[in-house]
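Please look over the sequence and the structure below. The paragraphs after them lead through the model part by part.

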Amino acid sequence: MSSLPARVKVAVVGAGQAGLSVAYYLRRFELVADEDFVVLDRAPGPGGAWQHRWSSLKLGTAHKVNDLPGMAEMGLSFETADRTQPAREIVADYYRRFEEHYELRVHRPIEVRRVSNEGADLRLAYRDLRTPDEPAPAPEEQQVRGFFGRRRKTFAVPAPPAQPGGTLDTQILVNATGTWGSPFVPYYPGMTDFRGRHLHTSDFTDAESLRDQHVVVVGGGTSAIGFMLELEDVAASLTWVSRRPIDWLDRQELDLEGASAAVAAQDEAARSGRALPSIVSGTGVPKNRRIAAGIERGLLIAKPMFDRIEEDRVVWDDGTEARADVIIWATGFRPELRHLAPLKLREKAGGVTVGQGASWGDPRVFLAGYGPQASTIGANRAGRMIARQIMAML
């Protein structure tokens, strides 16, 4: 990886589908990577969030992965990819070749920790994740909280180590950090008393690690369904619960662009600065052959949400209970925007006001892949739209 420049016209943070799409169109407008713009990515390698997914996940068993703009020119398409191979390996390979072909010169692993005002520019404070932490200072008295927010007693914990890194100034920021780094787990009574394991979708590695355990899967989307199917012959028992009834669709794949109501709801929330609604709640779940078979044999029948969690089980108000060694929270993610906090873009309604990919709170900031742009084809269209707006500003 080459060294970062001190200042650029455009900084793209995130090299998943949205970030690469924007970078591709910036190159089409004859901007040069590491001279006019830079792409920073926190992940260790190409592939966006896909590189972190479990190895058994194949193309076609999750949401459709659309091609990046310009992939056709390279003779690549996810439509013709080998669906027997792990999706994470295929996506990582295609994205790597895409980055090299279009000379995007992605810098990784670089984590942007903070974005602040520096006169007319924005200043990105970053850390090179390959750089070891410096020795931590002496412990200090701090009050810490548990994973789910419950207050804990005050005691000595190590202070955070110094964070080696640097700064980069930019005229325009394209934030394309996605959601993978910000998992969402709702609170239910008894969560901190549970003696088993809480796993989020982002923590899942393989079914075998849960062999002969009693597993409860929480969520109404494709990830929860995938976990149920993978664990069927592995877990000692399986219980599926969902906050809302599952809206099954009689089609093989989820077409987000065809789900106009869901996309419109995302767009309306983004424009009004509200927290973004769940995509699945507005699109339903496609019932392919594998899923239809699971429904028919009684596996994919979701129970309503339990009311509380006890040490080794989940319990409903009517006294029904299910044993639990592990609770898998397939409850989604939230946009990862913590590093933008100094810019004070978040509204009281819980979201960021965004229209046509641009922040209404700061015209120097674009949010690629946010809201209605979250689907792969939506991110591709947004890349072109955002790049055009950037060129008009330069």
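Tyr24, Tyr25, Phe98 and Tyr102 form one aromatic cluster. Rings of Phe, Tyr and Trp (its six-membered ring) pair here if their centres lie within 6.5 Å; planes under 30 degrees apart count as stacked, over 60 as edge-to-face and the rest as tilted. The whole structure holds 15 aromatic pairs. In one of them, the ring centres of Tyr24 and Tyr25 are 5.0 Å apart and the planes stand at 80 degrees, so this pair is edge-to-face. Both Tyr24 and Tyr25 are buried, where buried means under 20% relative accessible area, exposed over 50%, and partly exposed in between (1.4 Å probe, protein chains only).

The model is predicted: local features need pLDDT of at least 70 and side-chain atom pairs count only at pLDDT 80 or more, while totals for chains, interfaces and linings use all residues. Residues are numbered from 1 along each chain as its sequence is written, and side-chain values use heavy atoms, with hydrogens and water left out.

Next comes the nonpolar interior. A nonpolar core is a set of buried Ala, Val, Leu, Ile, Met, Phe, Trp, Tyr and Cys residues joined through side-chain atoms within 4.5 Å. The largest such core has 66 residues, and Val10, Leu26, Phe37, Phe78, Phe98, Val174 and Ile328 touch the most other members. Helix α1 (residues 17-28) contributes the most to this core, with seven residues. Helices (H or I, at least four residues) and strands (E, at least two) are DSSP runs, numbered from the N terminus. A second, separate core of 23 residues includes Leu40, Leu340, Val352 and Val365. Phe78, leaving aside neighbours within four places in sequence, has contacts (heavy atoms within 4.5 Å) that include Leu59, Met71, Ile90, Tyr94 and Tyr95.

Strand β7 (residues 166-175) has seven of its 10 residues buried, so it is largely enclosed by the rest of the structure. Two strands pair if DSSP finds at least two bridges between them. Strand β1 (residues 7-13) runs parallel to β7, joined by six bridges, and Ala11 stands opposite Leu173 in β7. Strand β4 (residues 121-128) is antiparallel to β7, with five bridges; here Ala125 is opposite Thr167. Three bridges link β7 to strand β20 (residues 365-367) in parallel, and Val174 faces Phe366 in β20.

Elsewhere, five strands make an open sheet in the order β8-β17-β9-β10-β13, with parallel pairing. Its edge strands, β8 (197-200) and β13 (303-304), each pair on one side only. Within the sheet, four bridges join β9 (residues 214-218) to β17 (residues 326-329), and the bridge partner of Val216 in β17 is Ile327. Helix α3 (residues 222-231) packs on this sheet, touching β9, β10 (237-242) and β17, and its direction makes about 170 degrees with that of β10. For such angles, axes are lines fitted to C-alpha atoms, for helices over the stretch in contact, and angles run from 0 to 180 degrees between N-to-C directions.

Strand β8 contains His200. Is His200 buried or exposed? His200 is buried, with a relative accessible area of 3%. Not counting residues up to four places away in sequence, His200 touches Pro183, Phe184, Val185, Trp329, Thr331, Gly332 and Phe333. Two of its partners are reached by polar contacts, that is, pairs of N or O atoms within 3.5 Å; within protein, one must be able to donate a hydrogen and the other to accept it, and residues adjacent in sequence count only if both atoms are side-chain atoms. The side chain of His200 lies 2.9 Å from the backbone oxygen of Gly332, and a polar atom of that side chain is 3.3 Å from the backbone oxygen of Phe184.
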